[in-house]
Amino acid sequence: MSTRPAMSRPVKGASGKTGSWRVFKPVVDKEKCNACGICGMFCPDAVISDELEVDLDYCKGCGICAQECPKKAITMEREEK
Ligand code: SF4
Ligand code: SF4
């Protein structure tokens, strides 16, 4: 369990495996990111690690992380199928 302060109480992979139906995926621009961790606090599925890696097996592509990032470092990119 993460030690970050929680905005909610997410459960990893609450939506189940999402790889087959997700339409957009978050991509972090590490040049812009200041590692504040806010994206991970808001992710409703708790799939952003402390190292800011997104677990794409479980990310549902909701875009909340991109919306909440104060540095606008996350872009939602359409999945290639
Ligand atoms: S919210 Fe944005 S700046 Fe903060 S850790 Fe996440 S990607 Fe980086
Ligand atoms: S898009 Fe962002 S906030 Fe939404 S599930 Fe994926 S990593 Fe979490």
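**View 1. The surroundings of ligand 2.** Ligand 2 has 14 residues around it, and the closest are Cys43, Cys59, Cys62, Gly63 and Cys65. To count as near, a residue needs one of its heavy atoms within 4 Å of the molecule or strand in question. Sorted by class, this shell holds 11 nonpolar, 2 polar and 1 charged residues. In that sorting, Ala, Val, Leu, Ile, Met, Phe, Trp, Tyr, Cys and Pro are nonpolar, Asp, Glu, Lys and Arg are charged, and the others, Gly among them, are polar.

A quick note before moving on: this is a predicted model, where local features need pLDDT of at least 70, side-chain atom pairs count only at pLDDT 80 or more, and totals for chains, interfaces and linings use all residues. Residues are numbered from 1 along each chain as its sequence is written, chains are lettered from A and ligands numbered from 1 in the order in which they are written, and side-chain values use heavy atoms, with hydrogens and water left out.

**View 2. The surroundings of ligand 1.** Here the shell is made of Cys33, Asn34, Ala35, Cys36, Gly37, Ile38, Cys39, Leu52, Cys69, Pro70, Lys71 and Ile74. It splits into 9 nonpolar, 2 polar and 1 charged residues.

**View 3. The whole protein.** Let's step back for a moment. The protein has 2 helices and 2 strands, and from the N terminus on they come in the order β-α-α-β. Both kinds of element are DSSP runs numbered from the N terminus: helices are H or I with at least four residues, strands are E with at least two. Of the 81 residues, 27% are buried. Buried stands for under 20% relative accessible area, exposed for over 50%, and partly exposed for anything in between (1.4 Å probe, protein chains only). Among contacts with a separation of 6 or more, 77% join residues 24 or more positions apart, a contact being heavy atoms within 4.5 Å.

**View 4. The largest nonpolar core.** This core has 11 residues in all: Cys39, Cys43, Val47, Ile48, Leu52, Cys59, Cys65, Ala66, Cys69, Ala73 and Ile74. A core of this kind is a set of buried Ala, Val, Leu, Ile, Met, Phe, Trp, Tyr and Cys residues joined through side-chain atoms within 4.5 Å. In soluble globular proteins, nonpolar side chains tend to be buried together. Look at Ala73 next: once its neighbours within four places in sequence are set aside, Ala73 is in contact with Val27, Val28, Asp29, Lys32 and Cys33.

**View 5. Gly40 in helix α1.** Gly40 sits in helix α1, which covers residues 38-42. Gly40 counts as buried because its relative accessibility is 8%. Glu51 is 11 residues away from Gly40 in sequence, and the C-alpha atoms of the two are 9.9 Å apart.

View 6. The whole structure contains 4 salt bridges, each defined by a side-chain nitrogen of Lys or Arg within 4 Å of a carboxyl oxygen of Asp or Glu. One of them joins Asp57 and Lys17, whose closest N and O atoms are 3.9 Å apart. Asp57 is in the loop between α1 and α2 (64-68), while Lys17 is in the segment before β1 (24-28), so this pair ties together parts 40 residues apart in sequence. Asp57 is partly exposed at 39%, and Lys17 is exposed at 55%.

Arg22 and Glu79 make another salt bridge, 2.6 Å from N to O. Since Arg22 lies in the segment before β1 and Glu79 in the segment after β2 (74-78), the pair ties together parts 57 residues apart in sequence. Arg22 is buried at 4%, and Glu79 is buried at 15%.

Lys30 and Glu53 also meet through their side chains, at 3.0 Å from N to O. Lys30 belongs to the loop between β1 and α1 and Glu53 to the loop between α1 and α2, so they tie together parts 23 residues apart in sequence.

**View 7. Positive phi values in a loop.** Most residues other than glycine have a negative phi. Ala46 has a positive phi, near 50°, and lies in the loop between α1 and α2. Leu52 has a positive phi too, near 65°, and lies in the loop between α1 and α2. Ala46 is partly exposed at 29%, whereas Leu52 is buried at 14%.
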